[in-house]
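Hi there,

Here is the structure I promised to pass on to you. Have a look at it first, and then read my notes below.

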Amino acid sequence: MPYVNIKVTREGVTAEQKAALISGVTELLVQVLQKSPATTMVVIDEVELDNWGIGGLPVEAFRHSQQG
C-alpha cells in the first residue's frame, strides 16, 4: 500500500491542480511499480510560507536573494 505525501507552499494551488497531482502520482506508481490505484494513498499538505525554508532561509528571503 503506497503512501505519497506531497508538500507545497500555500499559494493558491487549485482543486484542479491537486486532483491532477493525485491522479498523476497514482498513475506513476501503477506504471513503475505495478501498484493498485485502489490501495495507493496520496496526501497533499499545504504549508504556510513562514513555515518553509530553503538554503537556510525562509522561502520569501530565499526567493528575494535569487532575484538579484
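Let's start with one residue. Apart from its neighbours within four places in sequence, Thr-26 touches Pro-37, Thr-40 and Val-42. You will find Thr-26 in helix H1, which covers residues 15–33. Is Thr-26 buried or exposed? Its relative accessible area is 14%, and the cut-off for buried is under 20%, so Thr-26 counts as buried. Please keep in mind that this is a predicted model.

Now for the whole chain. Its secondary structure consists of 2 helices and 4 strands, and along the sequence they come in the order β-α-β-β-β-α. The radius of gyration is 15 Å, whereas the globule rule gives 11 Å for 68 residues, so the chain is more spread out than a compact globule.

How much of the chain is buried? Of its 68 residues, 18% fall into that group.

Two more things to look for on your screen. Take the contacts between residues at least 6 apart in sequence: 65% of these join residues at least 24 apart. As for charge, there are 5 positive and 8 negative side chains, and the centres of these two sets are 6 Å apart.

Enjoy exploring, and write back with any questions!

Best wishes

Key:
Residues are numbered from 1 along each chain as its sequence is written. This is a predicted model: local features need pLDDT of at least 70, side-chain atom pairs count only at pLDDT 80 or more; totals for chains, interfaces and linings use all residues. Side-chain values use heavy atoms; hydrogens and water are left out. The radius of gyration is taken over C-alpha atoms; the globule rule is 2.2 Å times the number of residues to the power 0.38. Buried means under 20% relative accessible area, exposed over 50%, partly exposed in between (1.4 Å probe, protein chains only). Contact means heavy atoms within 4.5 Å. Lys and Arg count as positive and Asp and Glu as negative; His and the chain ends are not counted. The place of a charge is taken as NZ of Lys, CZ of Arg, CG of Asp or CD of Glu.
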